[in-house]
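The stops below go from one selection to the next.

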Amino acid sequence: NRPPRLHRDFMMTRACSLQNASIRIMQWNILAQALGEGKDGFVRCPMEALNWSERKYLILEEILTYRPDVLCLQEVDHYFDTFQPVLASLGYQSSFCPKPCSPCLDVHNNNGPDGCALFFNRRRFQLLHTAHLRLSAMMLKTNQVAIVATLRCRLTGRIFSVAVTHLKARSGWEAFRSAQGAHLLQQLCDLTTQSHLEIDVENRTRDGEEGIPLVVCGDFNAEPSEEVYRRFMTSPLGLESAYKCLSEDGNTEPLYTSWKIRPSGESRSTLDYIWYSERAFQVDAVLRIPSEEQIGPDRLPSYHYPSDHLSLVCDLSFSQQPHRLM
Ligand code: NDP
Ligand code: CA
């Protein structure tokens, strides 16, 4: 008799017709098994709730509840023995990029390094290109990574790139995160505008000025007040944050995407984002954030929910491009 899962509804942000084939994106820091058991110190979460033999099913259940077309995960330290084989059998193609010096490796009986993983529905998309990036900050290599995959939708023929990343954690590292963000934006700009992909880019405007549409999912470890958030908000890539749709003014991030209690105290913060090219996509639906009551007094992770970060899910669809009808 397991406690019930958190029930979350979608907020429909616009009336969408069925022919408007939307792409469901899921962003989730699933909590590395080695960190959850060995490093995080979630003092209000019973150790039994962290047993991998059961927790892995809660993670898979969460993913399969929403059945995303594109799944972006952080803190994956069970890729080869769990997520790759299980999700492959369910139709997902994937890529894994471990952190060069994962803190998981410090934990006794670890299962290897954690890293970012990107999965997509292989019936729906054809993979055109994959890049594994090691993020730099002020020219120096860091321990953070990103994956960028360029996909062609088999339904519509449209091309887009999707990136997954996990920026440096902890307070005191704000400038470092900002530098990592700047490097990632530069790499994304290069990857989506250079013609080295040799794609006959249908998505570009006639004058070829605009690059491949982009979706960027990540645990940025940064509140919206941080510089790295501002950098993404104001970059030349024209990115917008999908979860702002949930707010009344349409311009405010959720109150939290992560909520946990460590020996140092309770921490409720907005750290996770789904960015999308504003000119190319529209948001059709966003999965609501559970209430404080749903999350419960012991916060996350818990018997109800397997990570300290909430999953973010949204449906994006390509906007009509009037200039292409001419
Ligand atoms: P980060 O500082 O980015 O954080 C690593 C992980 O710790 C993240 O997944 C983060 O989760 C989590 N975390 C954040 N805050 C806390 C907290 N207060 N208590 C516990 N965990 C927290 O790590 P780096 O990638 O920069 O790596 C630094 C670490 O790597 C060092 O602490 C060291 O242990 C380890 N290391 C290992 C080496 C090796 O060879 N094995 C070599 C060098 C370093 P979230 O993102 O969800 O907040
Ligand atoms: Ca973590």
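Select ligand 2, the calcium ion, in this predicted model. Its protein donors are E75 (OE) and E75 (OE), at 2.2 to 3.1 Å from the ion. To place E75 in the fold, colour strand β3, residues 70-76, which contains E75.

Which residues come nearest to ligand 1? Of the 21 residues around it, these are E75, K99, D106, H166 and K168.

Now show side chains and go through the polar contacts of ligand 1 one at a time:

- K168: an N or O atom of its side chain is 2.6 Å from an oxygen atom of ligand 1.
- K39: a polar atom of its side chain is 2.8 Å from an oxygen atom of ligand 1.
- N221: here too a polar side-chain atom lies 2.8 Å from an oxygen atom of the ligand.

Switch to a surface. Ligand 1 on its own exposes 920 Å², and the protein buries 73% of that area. The space that ligand 1 takes is the largest pocket.

Next, select residues 125-137 and 140-153, which are strands β6 and β7. The two strands pair in the antiparallel sense, over 11 bridges. Within the pair, L127 stands opposite L151 of β7. Follow the strands to the turn: β6 and β7 form a hairpin with 2 residues between them. M138 sits in this loop and has a positive phi of about 50°, although it is not a glycine. Most residues other than glycine have a negative phi.

For the last stop, go to the loop between α6 (292-295) and β15 (312-318), where P301 is found. The peptide bond from L300 to P301 is cis, with omega near -10°. Most peptide bonds are trans.

Technical notes: Residues numbered from 1 in each chain as written. Chains lettered and ligands numbered in written order. Predicted model: local features only at pLDDT ≥ 70, side-chain atom pairs only at ≥ 80, totals over all residues. Heavy atoms only, no water. Pairing = 2+ DSSP bridges. Helix = DSSP H or I, 4+ residues; strand = E, 2+ residues; numbered from the N terminus. Donors = N, O, S within 2.8 Å, 3.2 Å for Na, K, Ca; no water. Near = heavy atom within 4 Å. Polar contact = N/O pair within 3.5 Å; in protein donor to acceptor, adjacent residues only side chain to side chain. Areas by Shrake-Rupley, 256 points an atom, 1.4 Å probe, with all protein chains shown as cover. 1 Å grid on protein atoms, 1.4 Å probe; cavity = no way out; pocket = protein on both sides within 12 Å on 5 of 7 lines; lining within 4 Å. Sits in = over half its atoms within 2 Å of the grid points.
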